[in-house]
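Have the viewer open as you read.

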Amino acid sequence: MTRPTIRDLANAAGVSIATANRVIGGSGNVKQSTMQRVKDAAQEIGFYGLGTIDSRVAAARAKYRFGFLLHQPSRQFYLNLAQALRLASERMIDCLIDLRIEFLDDLSPQNTAEKMLALAETCDAVGVVAAVHPIVLGAVETLQRQGKPVFALISQIAPTSHVHFIGLDNWKVGRTAAWMFEHVCDQPGKLGILVGNPRYQCQEMNESGFRSYFREYASDFTILEPRSTFESKAVAEEMTENLLKEHPDLKGLYVAGGGISGALAALRATGNAGKVMLVGYELMDVTKQALLDGTMTFAISHPLNRVAEETLTGMVRSVKAKGGDGNFTSILPFEIYTRENI
């Protein structure tokens with residue numbers, strides 16, 4: 001067999017011989033997508049210059065550094081989100097992305113704002129999970145003046161839409177959770193609510209949507225006042241135990257924010273696993289087990305791969321446009337899990 005020629009490569013890639021030569025030689029302006037097509041063709045036909053073409057494609061790819069501030073590394077959801085971001089960065093064809101991911105144990109607005117500003121010194125854009133707070137908004141405005149895009153993940157960090165956002169329609173999430181209780185509980189009764197921190201807009205909307213559904217369709221249920229877990233497993237466990245002591249006739253518990261593992265521990269420890277209906281968030285090891293053993297009835301989850309892909313795509317677009325691309329908001333469909341579909 002004869003060795004494939006430049007003409008063979010050009011034909012296989014659907015480009016001119018001149019374009020194929022420019023890709024190999026690294027000269028001239030060739031679109032990244034065209035270079036990738038030539039590389040794929042070279043691999044397919046066994047072209048002898050594949051190594052050179054691969055180097056040219058890599059050298060021509062735009063390079064970005066994106067920073068992310070996520071919550072405590074002890075929480076599986078944020079470890080899963082970090083992994084989804086890393087995998088999504090590897091799948092980006094047209095650019096090379098260097099990720100700087102930091103986990104915050106101190107979730108105070110002051111610490112979050114300081115970390116955002118520090119991360120932006122070496123990054124082209126910053127993604128953050130944070131509560132709505134004037135100090136955090138001040139950091140956002142500072143970065144925007146510097147031309148550094150800020151992306152809010154999971155929970156919006158501004159009362160208006162001037163900050164890029166990737167997440168769920170939490171009003172719908174809350175109403176969906178309410179629908180679950182209405183249709184699964186054998187009869188109306190008391191329902192408890194746990195929230196992590198009402199300053200997280202996603203949690204506030206979860207609760208609002210939840211209550212609005214019952215006002216509209218099932219007013220014979222009694223919705224108790226929410227109790228804050230401060231995003232802590234230990235506090236969530238204590239709050240759940242208190243709810244069960246104060247309301248031994250509790251029919252269900254809606255965990256609208258952080259603390260699902262604590263709520264599960266309390267239900268098991270008090271012998272209420274499977275007796276009190278529980279709806280909470282995210283598909284993780286702890287919630288998978290709870291779905292399987294009946295402690296948890298439904299899990300509502302973010303599609304983390306989509307969150308990661310939409311975030312990185314939006315960041316690239318915003319950096320390219322130098323902040324002139326307007327608002328980037330991506331509202332994603334949420335996933336619902338029971339023990340039958342995990």
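What follows covers the ground rules, then the salt bridges, then the histidine.

## Ground rules

This is a predicted model, so local features need pLDDT of at least 70 and side-chain atom pairs count only at pLDDT 80 or more, while totals for chains, interfaces and linings use all residues. Residues are numbered from 1 along each chain as its sequence is written, and side-chain values use heavy atoms, with hydrogens and water left out.

## Salt bridges

The whole structure has 13 salt bridges (a side-chain nitrogen of Lys or Arg within 4 Å of a carboxyl oxygen of Asp or Glu). Arg-65, Asp-98 and Arg-100 join up in a network of them.

Take Arg-175 and Glu-216, whose closest N and O atoms sit 2.9 Å apart. Arg-175 is in helix 8 (residues 170–184) and Glu-216 in helix 9 (residues 201–217), so the pair ties together parts 41 residues apart in sequence (helices are DSSP runs of H or I, at least four residues; strands are E, at least two; both numbered from the N terminus).

Arg-227 pairs with Glu-246 at 2.4 Å between the closest N and O atoms. Arg-227 counts as buried at 18% relative accessibility, whereas Glu-246 is partly exposed at 45% (buried is under 20% relative accessible area, exposed over 50%, partly exposed in between; 1.4 Å probe, protein chains only).

## His-162

You'll find His-162 in the loop between strand 4 (150–153) and strand 5 (164–167). Its relative accessible area is 38%, so His-162 is partly exposed. Leaving out residues up to four places away in sequence, His-162 touches Gln-144 and Asn-327 (contact means heavy atoms within 4.5 Å).
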